[in-house]
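I opened this notebook to record what I looked up about the ligand and the pockets. The entries follow the order in which I worked.

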Amino acid sequence: MCGIIAYIGSRTAEPLLLEGLKRLEYRGYDSAGVAILDGDSLQVARAVGRIIELEDRLGEIGGMGGTLGIGHTRWATHGGVTEANCHPHRDDANGIAVVHNGIIENYAALRTYLVGKGHAFSSETDTEVLAMLIGELYEGDLEESVKAALREVTGAYAIAVICAREPDTLVVARKGSPLMVGVGNGEYVVGSDASAIIAHTTQAFPLDDYNVVRITREGFRTSTIDDAPVTPQVMQLEFDLEQIELGAFSHFMLKEIFEQPKVLRTTLRGRIDHNEGRVVLGGLTSFAKELVKARRFILTAQGTALHAAMIGEYLLEDLAKISAEVEYGSEFRYRNPIIEDRTVVVGVSQSGETADTLCALIEAKDRGAMSLGVVNVVGSTMARETDAGVYLRVGPEIGVASTKAFTGQVTVLTMLALYMARRRFMSPDVCARCLKQLDAIPDKIERVLESDGHVREVTERYVGRDNWLFLGRGYNYPTALEGALKLKEISYIHAEGMPAAEMKHGPIALIDEGMPVVFIANQGRQYNKVLSNIAETRSRGGHVIAVATEGDTEITKVAQEVLYIPECEEYLSPLLAVVPLQLMAFHAAVLRGHDVDKPRNLAKSVTVE
Ligand code: M6R
């Protein structure tokens, strides 16, 4: 939700921190700041707005020397978007500076305590409380005072801390918010995700909860906040710079939409055994026996991932004949849910860090469920907290609006449903047929992408309208929800998605002359019913934009606009139908002049409840 970068080594820290912050800007872009130690002089620069504002501020003061520093890009939680609330926060008495992701839940009580001790605060943030607390407990050893402070804290944190009295030491720690240490040659780069690190080293280790790492130029030492030694596992980061750079594209969202055929081939690679007619999911092998006995699946997620999970529910019931349901993580956790014997809870998430989903998974585990992760980010908290799982393998998703992660999640959930079906009752022949159809999806998405110019023209005709409806049935009801979410989150157009049949139970009152109503009207069991809903819309003056199957000429008689997708099995159709909706949202945002990759008020990964 915010981004952290820290550096210790022999290179000048300032450009390195700025470059890292730019790569992390997708995680938060309200404001940014750096603190750099030049010898024992602590220099701090902060600015509201994008990293470019911070760069300008640094330019004005003539830049900073020093080879040890911390940086932060913020998405406001405690306190408004002001310079006073920007990180790094300081305890000036000891020259301590802190950057922090997460929320200190008991910050009010700690603040009262610190005010009693004579501390004066200049911000409204929980992070300043942490900086002051570390200062209050400082007795000549930064690592010790950080640990002592964290023992007093409840909540979530990833922090990086420096102190002018210890100009060769960087201390970082984590609980509930991701942080990793990149191990270079005589230097260390710490980041809240790998994209901040990858330009400098591919060797890194993620911190576990309650881990504290003391880093000097000579090496590092990891222990828990209670001083128990920890031996971290340094791993190879599996992606390269190209994946997190724009290349020829204008926006990450567009790049990620167009990447879908390629990355979905990677999602499928090595997981389909055409000869045996089965799905091979290595991450589930050790739980295969328990999985087969499962009586019920609960899929939990938020946002776009929830829409993918809804499609997963249909797939598990339809293909594998297993009872399945979908829950918002945020609601599930606090509802006192009943977990019966042989329940599998599946967390679906791009980041693997979404707090609402993570908490729901942990709650379900505590109540005896087996847990699976359908996650993109390798080594993320969800990937580590679950009993087993399947990675999406769609590569880093930088655009705040999730696109390739959605199709990756639906692809993995399709494989999971077929895996279950095959182990329970499906014959190798039937499964092989389904897998062949699934394998053909990336090529079909490529064909949908060829219609980008047409999607843009259609979008241009309606982009001035402020209220849109997205309607679908069956497998494409979640697709309608996803189309509406995409449009609203980046173009700020009000859009609602719902089952097509639900429209006449109230929302039809909204339809007036010229209102754009997007129907997912591909060929399938409910096609004729969708046609009826289209007729109902037309007779109230709505303008129908239909996503329909190639070769369907009937649809041109009832819809003003048609966006075609190739013919496919109904259960695979969301993978194609969502693509024109992603493109439409992208073009609407560009045409309205919005910052597509950094929509207002939104952060890429929501790591607070
Ligand atoms: O990282 P996750 O997939 O768990 O994120 C869940 C949602 O926060 C995310 O999908 C959000 O809805 C995106 N803004 C959608 O584009």
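Predicted model: local features only at pLDDT ≥ 70, side-chain atom pairs only at ≥ 80, totals over all residues.

**Ligand and pocket entries**

Two helices, α9 (303–318) and α17 (476–491), each supply at least two residues of the shell around the ligand. I noted that α9 gives the largest share of this shell, with three residues.

I then looked up the shell itself. It consists of 13 residues, and the closest are Ser349, Gln350, Ser351, Thr354 and Glu489. Sorted by class, the shell has eight polar, three nonpolar and two charged residues.

Next I recorded distances to oxygen atoms of the ligand. For serine 351, an N or O atom of the side chain is 2.7 Å from a ligand oxygen. For serine 402, a backbone N or O atom lies 2.8 Å from a ligand oxygen. For lysine 486, the distance from a polar side-chain atom to a ligand oxygen is 3.1 Å. On its own the ligand has 410 Å² of accessible area, and the protein covers 92% of it.

I turned to the largest pocket, whose volume is about 1000 Å³. Its lining counts 45 residues, with Phe239, Asn376, Val377, Gly395 and Pro396 closest to the centre. The elements β14 (235–236) and α7 (260–268) each give two or more residues to this lining, and α7 has the largest share, three residues. By class, I found 17 nonpolar, 15 charged and 13 polar residues in the lining.

Where does the largest pocket lie? Both domain 1 (3–237) and domain 2 (247–439) give residues to its lining, so I placed the pocket between them.

How values were computed. Residues numbered from 1 in each chain as written. Heavy atoms only, no water. Near = heavy atom within 4 Å. Polar contact = N/O pair within 3.5 Å; in protein donor to acceptor, adjacent residues only side chain to side chain. Areas by Shrake-Rupley, 256 points an atom, 1.4 Å probe, with all protein chains shown as cover. Helix = DSSP H or I, 4+ residues; strand = E, 2+ residues; numbered from the N terminus. Nonpolar A, V, L, I, M, F, W, Y, C, P; charged D, E, K, R; others polar. 1 Å grid on protein atoms, 1.4 Å probe; cavity = no way out; pocket = protein on both sides within 12 Å on 5 of 7 lines; lining within 4 Å. Points joined across faces, edges and corners; volume = space filled by probe spheres on them. Domains from an automatic or database assignment.
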